[in-house]
Amino acid sequence: QPGGLETPPPEQEGTEVRTVEGRIERFFGDGRREVEFANGLKKVMWPDGRTTVLFQNGDHKEIHADGVVVYHYSATGAVQTTLTDGTEMYQFIDGQFERHCPDGSKEIQFPNGTTKHISSDGSEEVRFADGTVRRTPSQHAPG
C-alpha cells in the first residue's frame with residue numbers, strides 16, 4: 001500500500017457508535033478502539049495498553065502501558081519523552097539531545113559534540129568537542 005498504510009482485513013472492520021456530543025467511537029475485531037471527537041482530536045486505545053492521541057495540528061502523543069509518554073511535535077520534528085520518574089528527554093531534528101531531571105539538573109548534548117551539565121544548584125560544566133572544560137559556579141547565595 002502507498003505510504004505504508006495497510007487496510008485491515010474485513011474481520012477487523014469495526015462497529016461505529018455516534019454520540020450526541022458528536023463523538024464517533026469505533027470498535028475493531030483486533031481489540032483496538034478509536035474515539036474521534038467533534039473538534040478533530042482522535043484517540044486510539046490499543047489492546048496492549050498503549051494509547052495514541054492525534055492532535056489537529058499534526059502532533060501526536062503515545063502513552064505506553066508502563067506510563068512513559070512520547071510526544072511528537074509536527075511543526076519542529078522534536079520528540080519529548082517523559083519517563084515515569086518525571087525525567088523529560090528532548091530529541092531535536094538537528095541532533096541536539098536534552099535530559100531534564102526532576103531535581104532541576106539538565107544535560108544537553110549539542111550536535112557539534114559539546115555537552116553541558118547544569119546541576120540542581122545552578123552550577124554548570126561545559127565540555128567542548130576539543131576537550132576544553134568550562135565550569136561556572138552556582139549564582140545562588142549560600143544558606
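Trainee: Which residue lies over the face of Trp46?

Mentor: That's Arg50, at 4.7 Å from the ring centre. Keep in mind that this is a predicted model. There's another case to look at: the charged end of Arg32 sits over the ring of Phe28, 3.8 Å from its centre.

Trainee: Okay, on to salt bridges. How many are there?

Mentor: The idea is to look for a side-chain nitrogen of Lys or Arg within 4 Å of a carboxyl oxygen of Asp or Glu. Here the count comes to 13 salt bridges.

Trainee: Where do Glu36 and Arg26 lie, and what does the pair tie together?

Mentor: Glu36 belongs to strand S3 (residues 33-36) and Arg26 to strand S2 (residues 24-27), so their contact ties together parts that are ten residues apart in sequence.

Trainee: Is Arg26 buried or exposed?

Mentor: For that, check the relative accessible area: under 20% is buried, over 50% is exposed, and in between is partly exposed. Arg26 comes out at 19%, so it counts as buried. Glu36 has 27%, so that one is partly exposed.

Trainee: What about Lys42, which residue does it form a salt bridge with?

Mentor: Glu34, with the closest N and O atoms 3.6 Å apart. Glu34 is buried at 9% relative accessibility, while Lys42 is partly exposed at 24%. Now hop over to Glu124 and Lys116: their closest N and O atoms are 3.5 Å apart, and they form a salt bridge too. Glu124 is partly exposed at 23%, and Lys116 is partly exposed at 21%.

Trainee: Which residues do shared partners join into one network?

Mentor: Glu16, Arg18, Arg26, Asp30, Arg32, Glu34, Glu36 and Lys42.

Trainee: Let's do rings. How many aromatic pairs does the whole structure have?

Mentor: Three aromatic pairs turn up. Take Tyr71 and Tyr73: the ring centres are 4.6 Å apart and the planes meet at 50°, so this pair is tilted. Tyr71 is buried at 18%, and Tyr73 is partly exposed at 32%.

Trainee: Are Tyr90 and Phe92 stacked or edge-to-face?

Mentor: Look at the angle: planes under 30 degrees apart count as stacked. Tyr90 and Phe92 have 10° between the planes and 6.3 Å centre to centre, and that makes them stacked. Tyr90 is buried at 18%, whereas Phe92 is partly exposed at 28%.

Trainee: And which residues do ring pairs link into a cluster?

Mentor: Phe55, Tyr71 and Tyr73.

Definitions and conventions
Residues numbered from 1 in each chain as written. Predicted model: local features only at pLDDT ≥ 70, side-chain atom pairs only at ≥ 80, totals over all residues. Heavy atoms only, no water. Helix = DSSP H or I, 4+ residues; strand = E, 2+ residues; numbered from the N terminus. Buried < 20%, exposed > 50% of the residue type's maximum accessible area, 1.4 Å probe, protein only. Phe/Tyr/Trp six-rings, centres within 6.5 Å; stacked < 30°, edge-to-face > 60°. Lys NZ or Arg CZ within 6 Å of the ring centre and 35° of its normal.
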